[in-house]
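Visitor: Could you take me through this structure, one question at a time?
Guide: Gladly; here it is, and your questions can follow.

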Amino acid sequence: MKKLIISMALMVVLAAALGLAGNALNSEGIPLVGNYPKIEYGADSVIIPPSAEEGDPPFITLKEAYGLFHDPGTIFLDARESEEYDLGHIRGALNLPFDWFDDHWPDVEPLLAKDADLVIYCSGAECELSLYEGRHLRELGYGKIHIFFGGWSEWQSRGFPTTMPQDES
Amino acid sequence: MIKKLIGNKIVGLLVRVALGLIFIYASLDKISHPGEFAKIVNNYQLLPAVLINIFALILPMLELLCGIALILGVLVRPAAAWAVAMLVMFIGAVSLALSQGININCGCFSTSTHARTLGLNLLLQDIGMLLLAVHAAYFDNRYVSVSRVFGPRTPVPAR
């Protein structure tokens, strides 16, 4: 038993030596301590766009969005173009491209109850479609609108549930 | 009958070599793409940030060493014991990720973003490999091995 443990320890030491040496020689080598922004399950910093105004629908954090995701009454709306939606979206989200709102609205409207929790998102911090769509839906009389401004990029970066093209094929 | 088959030295050799090949195969893509593999390790959200790159450099090398040792028949028991330990760790990590609904690339055999994501079939595959590893560790098979060719076949009696 003692011999086994010593042999195992030697193997891991050898693996470490080879791994670190190989990395030093590898042109694609990586630093020993990488830069990983702290990714917490409960990320609770809310991202608010500079163009937000008083009275806009509430902006929610990734954590809140993830919480709502598990509530069966919540509907996620993806405000991006259909091409982007098709390349991957939050699992279960409906596509309602803001730029083609009127074309898609007849298909989406029957699925939305006026008092349902709606989480609207687009690609992430550089995209304001979710904000515009949230304002527009509020004007149409929807009461529980949440804007998840971190959007697709924040959601995907945490590995939260998605639908990707290969899942559907 | 079954007991005899499980303990058979040729079966032991096949188990050892198969496991070795799987581990070598699994290690190669990770060794050549350390950055990609480190990101995948990070996605599991199980290790503190400072340990991720070190882990991503050492683990594939340990897989490779274990695979080589199993095939050559050198240090079979320690290599198989490491295989058991690594597989238990993989099973734990995948189960945790699945239970949290995290849908990530598993990083098992490939670091490509088009590689498979986590699923139950992956757990079953890991459990199957774990059985092979336990077998290899238990029987410590040396049939057709470098240590047998070069090492002393029978203890030299002391005079």
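**The interface and what surrounds it**

Guide: In this predicted model, the contact draws 33 residues from chain B and 30 residues from chain A.

Visitor: Which element gives the largest share of the side of chain B that touches chain A?
Guide: Chain B and chain A bury about 2,700 Å² between them, with 66% of that area on carbon and sulfur atoms. On the side of chain B, the elements giving two or more residues are H2, H3, H4 and helix H5 (76–99) of chain B. The largest share, twelve residues, comes from H4(B).

Visitor: How many salt bridges are counted between chain B and chain A?
Guide: Polar contacts between chain B and chain A come to two residue pairs, both at pLDDT 80 or more. Over all chains the count of salt bridges is six, but between chain B and chain A the count is zero.

Visitor: Which residues does Tyr36(A) contact, leaving aside its neighbours within four places in sequence?
Guide: Tyr36(A) sits in the loop between helix H1 (2–25) and helix H2 (62–69) of chain A. The relative accessibility of Tyr36(A) is 15%, and because buried means under 20%, Tyr36(A) counts as buried. With those sequence neighbours left aside, the contacts of Tyr36(A) are Ala38(B), Lys39(B), Asn42(B), Ala49(B), Ile52(B) and Asn53(B).

Visitor: Lys39(B) also forms a salt bridge; with which residue?
Guide: Lys39(B) is partly exposed, its relative accessible area being 48%, and Glu36(B), at 34% relative accessibility, likewise counts as partly exposed. Lys39(B) and Glu36(B) are three residues apart in helix H3 (residues 34–43) of chain B, so about one helical turn separates them. With the closest N and O atoms 3.8 Å apart, the salt-bridge partner of Lys39(B) is Glu36(B).

Visitor: How far apart in sequence are the parts tied together by Glu63(B) and Lys30(B)?
Guide: Glu63(B) and Lys30(B) form a salt bridge in which the closest N and O atoms are 2.9 Å apart. Glu63(B) belongs to helix H4 of chain B and Lys30(B) to helix H2 (residues 9–32) of chain B, so the pair ties together parts whose separation in sequence is 33 residues.

Visitor: Are Glu63(B) and Lys30(B) buried or exposed?
Guide: Buried means under 20% relative accessible area, and exposed means over 50%. By that rule, both Glu63(B) and Lys30(B) are buried.

Visitor: In the salt bridge of Arg142(B) and Asp140(B), is Asp140(B) buried or exposed?
Guide: The side chains of Arg142(B) and Asp140(B) meet at 3.2 Å, N to O. Arg142(B), with a relative accessible area of 37%, is partly exposed. Asp140(B) has a relative accessible area of 18%, and since the limit for buried is under 20%, Asp140(B) is buried.

Visitor: Which strands stand at the edges of the open sheet in chain A?
Guide: The sheet consists of four strands in the order S3-S1-S4-S5 (chain A), with parallel pairing. Each edge strand has a single partner strand, so one side of each is left without a neighbour in the sheet; the edge strands are S3 (94–95) and S5 (144–147) of chain A.

Visitor: Which residue in S3(A) stands opposite Leu77(A)?
Guide: Strand S1 (residues 75–78) of chain A pairs with S3(A) in the parallel sense, over two bridges. Opposite Leu77(A), the residue in S3(A) is Leu94(A).

Visitor: Which element of chain B has the lowest mean pLDDT?
Guide: Chain B averages a pLDDT of 87, and 86% of the residues score at least 70. Among the elements of chain B, helix H4 (residues 49–72) has the highest mean, 96, whereas the lowest, 69, belongs to helix H7 (residues 146–150) of chain B.

Notes
Residues numbered from 1 in each chain as written. Chains lettered and ligands numbered in written order. Heavy atoms only, no water. pLDDT = per-residue confidence, 0-100. Salt bridge = Lys/Arg side-chain N within 4 Å of Asp/Glu carboxyl O. Buried < 20%, exposed > 50% of the residue type's maximum accessible area, 1.4 Å probe, protein only. Pairing = 2+ DSSP bridges. Contact = heavy atoms within 4.5 Å. Buried area = accessible area lost by both parts, 1.4 Å probe. Polar contact = N/O pair within 3.5 Å; in protein donor to acceptor, adjacent residues only side chain to side chain.
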